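Here are my notes for you, written as numbered points. Have the model open while you read, and click along as we go.

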Amino acid sequence: MAYRRALNLLPRGKECFFNLWIPRFQKSLYATCKTVRFQEHYPHIIHSGRITRTFHTGTPLMVAKLLSVEELFAKRSLQEYLKKMETEYSECLRTVNSNVPEEQCSEDELRAKRTKVSLLTPLVQSIRELDTKQKELADTEALLKDEDPALRELAELEREGCLQDIQDLSQKILDLLIPEEEADLSDLVLEVTAGVGGQEAMLFTAEVFDMYQGYAQHHGWSFDILEHMTSEIGGLRHASASISGPQSYKRMKFEAGVHRVQRVPKTEKQGRMHTSTMTVAVLPQPTEISFTINPKDLRIDTKRASGAGGQHVNTTDSAVRIVHLPTGMVAECQQERSQLKNREKAMKALRAKLYSMRLEEETSKRYNQRKIQIGTKGRSEKIRTYNFAQDRITDHRIGMTVHDIKSFLLGEDLLDEMNSSLHEFSNQETLMELLGEDNQDDS
C-alpha cells in the first residue's frame, strides 16, 4: 500500500524528524538522511555491484508529518468522523427502507438519501469488518496466555493474520475517505516554457520535456506533440503535448509549477554556476461531451507555418491560431502539414486551458481559506530544484531529496517515487482538512 511503502523509507519512533503541522516560520528547516539498499526497491535496473542511494527528507515551512495508518486511526477526530458516517448511513437507510409519507420526505430528498446510502455502503462495510477483526484480535491475544504451547503457537499465527487484515482494512477505509477529484480520470495537456536564464533555461526546458516524454513511455501513455518552438542551440522556448492514458493526469498533476536548475551551463566559458528556471503547466483534458465550447465564441486564424519543416513551410496556410473571445485565451498549432489536424490539436489545447481555468475558479475559495501546500498546483510556485553539482533533486513542497539526476531525467522509477510521495502527503492533507484539523495535533 502507498502509506506503508513510504514509511519503509522513514525512520521510526524517536528518530522521526517530522513534526505535525508546523506553523509557518515557527521552526527552522530540518534535514536527516537514511541510506537504503537501492537494489531492494529497484532490482531490475541494477547492473552490477551493491548500489546504495541516500534518501533525504527535510521539513519545509508548512509540511506535515506523514503519519502511519496506526497513528491516523489513533486520532480522536478520525474515530469521531467514522462514527458520524455510520450514523448518517443508518439514518438514510432507515428513511429509504421505511414507508415515509410524501409530505414528510419529497422525491428529491429520497433520491439524495439513496445516493448517499450507495456512496457510504463500501465505507461502512469496511468499518464494520474492521470492528469484527479487532474483536477477533482481542480474543486471539487472550489465548496467548494459555498454558498449552500448541494453542499458543496457533494463537500467534492467528494474531499475525488478524494484524495484517486490520492493516489492510484500515488502509482501505482511508482510501475511501479521500474523495476523487473530478479531473483525476482525465487525460492532460502538458505545457513547458523556458523562464529566467536565457539559452540555459531553454536547454533545461528541452531536458524536462524529454523527461516527461520518457515518463509517458514508461507508463505506456500516448504522447502527441502539439507545439515545439526550439531555440538556436537546440533548447526549447515553449512546447506542449497531449498525453493520454490510464491515470495520466492523476500521476502528472503535481509536476505543475516552477522547476529550477543549478549547474554550469554549456554556454558558460568561465565555469560559473548559473541558476535558471522553467515552468510546467499540467492541464486536465476534458472530453467534448463533458466540456463544450460555443463555436460563436471562437476566432480561428490560419497562417503559413514557420521554422524548419521542408517544402510545406511558408507555402501553405497550415498553421492554426484559435482565440476564445470571452476570455482572450489563445491556442496555436503548426506541427502537422494538414490544416485540419492542426485545428483539431489547437482545439484540444484550448479546451484544456479553459477547463483548467474553470476548475481553478471552483477550487480557489477552498485553497484561499486554507492554503494546501501540495494541492495548489500553481504555475508560479517553485516546486523543485535540480542541483547538478550535488547530483540531487529536491522537492520543496515535501522536503524530499533524491540523488542521481541522470536517472531522474529518464522519467522512470525515481520520478515515479517522487510522485508517489507527493500523492501520499496530498492524500493526508486532504484527510486532515476533511477532519477539520489545521496545524494542530488532535490525537
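1. You're looking at a predicted model, where local features need pLDDT of at least 70 and side-chain atom pairs count only at pLDDT 80 or more, while totals for chains, interfaces and linings use all residues. Residues are numbered from 1 along each chain as its sequence is written, and side-chain values use heavy atoms, with hydrogens and water left out.

2. Now the parts list. The protein has eleven helices and 13 strands; these are DSSP runs numbered from the N terminus, with helices being H or I of at least four residues and strands being E of at least two. Of its 443 residues, 45% count as buried (buried means under 20% relative accessible area, exposed over 50%, partly exposed in between, using a 1.4 Å probe and protein chains only).

3. Find helix H4, residues 76–97. Its 22 residues reach 32 Å from first C-alpha to last, close to the 32 Å expected at 1.5 Å a residue (the expected span is 1.5 Å times one less than the number of residues). Among its buried residues are Leu78, Tyr81, Met85 and Tyr89. Why do the buried residues of H4 line one face of the helix? Seen down the axis, they fall within an arc of 155°, so they share that face; the arc is that of the directions from the helix axis to the C-beta atoms. Turned away from the buried side are the exposed Lys83, Arg94 and Asn97.

4. What does the buried side of H4 pack against? Its partners are helices H3 (69–73), H5 (107–143), H6 (149–177) and H11 (413–434). H11 is itself mostly covered, with 18 of its 22 residues buried. Just after H11, look for Gly436, which takes a positive phi of about 80°.

5. On to the nonpolar cores, meaning sets of buried Ala, Val, Leu, Ile, Met, Phe, Trp, Tyr and Cys residues joined through side-chain atoms within 4.5 Å. The largest has 42 residues, and Leu190, Met252 and Phe408 have the most contacts inside it. Its largest share, eight residues, comes from H7. Apart from this core lies another, of 26 residues, including Leu72 and Tyr89.

6. The structure holds four aromatic pairs. Rings of Phe, Tyr and Trp (its six-membered ring) pair if their centres lie within 6.5 Å; planes under 30 degrees apart count as stacked, over 60 as edge-to-face and the rest as tilted. Phe204 and Tyr386 make an edge-to-face pair, 5.1 Å centre to centre with 70° between the planes. Phe204 lies in helix H7 (residues 198–219) and Tyr386 in strand E11 (residues 382–387), so this pair ties together parts that are 182 residues apart in sequence.

7. Last stop: Glu336, in the loop between strand E10 (329–333) and helix H9 (339–369). Is Glu336 buried or partly exposed? Glu336 is partly exposed, with a relative accessible area of 24%. Leaving aside neighbours within four places in sequence, Glu336 is in contact with Ser318, Lys341, Asn342 and Lys345.

Notes: Contact means heavy atoms within 4.5 Å.
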